[in-house]
Amino acid sequence: MNPIKGSILVRVDLAQKQQAKMGDALLKTGKNYNDNFRERNPVVAYVEQGCKEIPTGCHIVCNYSHFDLESPLQLTDELYAIPIDSEIYAIVNSDGSLTPIMGNVLVKRITIETKIELPEELKKPYTNRGILLTDTETIPKGKFIYWLKYSDYEICYTWEGQERRALKIHQSEITGYLK
């Protein structure tokens, strides 16, 4: 099967978030009952037929809406033709870490400083600033950056049975940085 121009073919394990590994034990997660689709739906896909930016044979992390139950992108039970755009967030490396693609970058939130010491659960992060964890064409990683308020997105993905999270923004949402 060949994808149409501007799409890639991916294979998705639709049950990838239904089990989690804790130590040596494999547990059922009950994710099907979660109202948060970002945490419930699968997001990791194997690239069956890629393109220049996304090589065939790699694993990618995409937006959860690509693999929703009634997705128009679904071709067969586990095969999807997804558009090549910024909703493909990253390539998954063999160790489970992410390499962002399609203009996406990884960031780390900064906690708002307070005059008194607070317990961890009461500390709040800024909604528009943090540390850049991956290089862009003009800003090196490690720089303190500003982005559009609330434009950061937490990716929830499962790799080898372990739930992982990463915070991403699109390069176009960066509004400035400190030199």
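Reader: What is the relative accessibility of arginine 165?
Author: Arginine 165 has a relative accessibility of 36% and counts as partly exposed. That class lies between buried (under 20% relative accessible area) and exposed (over 50%), using a 1.4 Å probe and protein chains only.

Reader: What kind of model is this, and how are residues numbered?
Author: This is a predicted model, in which local features need pLDDT of at least 70 and side-chain atom pairs count only at pLDDT 80 or more, while totals for chains, interfaces and linings use all residues. Residues are numbered from 1 along each chain as its sequence is written, and side-chain values use heavy atoms, with hydrogens and water left out.

Reader: Which residues form a salt bridge with arginine 165?
Author: Glutamate 154 does, with its closest N and O atoms 3.3 Å apart. Glutamate 154 is in strand β12 and arginine 165 in strand β13, so this pair ties together parts that are eleven residues apart in sequence. Strands here are DSSP runs (E, at least two residues) and helices are runs of H or I of at least four, numbered from the N terminus. Glutamate 163 also forms a salt bridge with arginine 165, at 3.2 Å between the closest N and O atoms. A salt bridge is a side-chain nitrogen of Lys or Arg within 4 Å of a carboxyl oxygen of Asp or Glu.

Reader: How accessible are those two glutamates?
Author: Glutamate 154 is partly exposed at 27% relative accessibility, and glutamate 163 is partly exposed at 41%.

Reader: What about glutamate 173: where is it, and is it buried or exposed?
Author: Glutamate 173 sits in the loop between β13 (162-170) and β14 (174-177). It is buried yet has no salt bridge, and the nearest side chain of opposite charge, lysine 168, is 5.1 Å away. For charge, Lys and Arg count as positive and Asp and Glu as negative, with His and the chain ends not counted.

Reader: What lies around glutamate 173?
Author: A polar atom of its side chain is 2.8 Å from the backbone nitrogen of histidine 170. Neighbours within four places in sequence aside, glutamate 173 is in contact (heavy atoms within 4.5 Å) with Tyr146, Trp147, Leu148 and Ser151.

Reader: Changing topic, how many residues has the largest nonpolar core?
Author: That core has 15 residues, and those with the most contacts inside it include Ile8, Val10, Ile54 and Phe67. β1 (7-11), β4 (44-49), β5 (59-62), β6 (79-83) and β7 (88-92) each supply at least two of its residues. A nonpolar core is a set of buried Ala, Val, Leu, Ile, Met, Phe, Trp, Tyr and Cys residues joined through side-chain atoms within 4.5 Å. A second, separate core of twelve residues includes Tyr89, Val92, Leu106 and Ala166.

Reader: Which residues other than glycine have a positive phi?
Author: Among them is methionine 102, with phi near 60°, in the loop between β8 (98-100) and β9 (104-111). Another is tyrosine 150, with phi near 65°. Tyrosine 150 is exposed, at 62% relative accessible area.

Conventions. A polar contact is a pair of N or O atoms within 3.5 Å; within protein, one must be able to donate a hydrogen and the other to accept it, and residues adjacent in sequence count only if both atoms are side-chain atoms.
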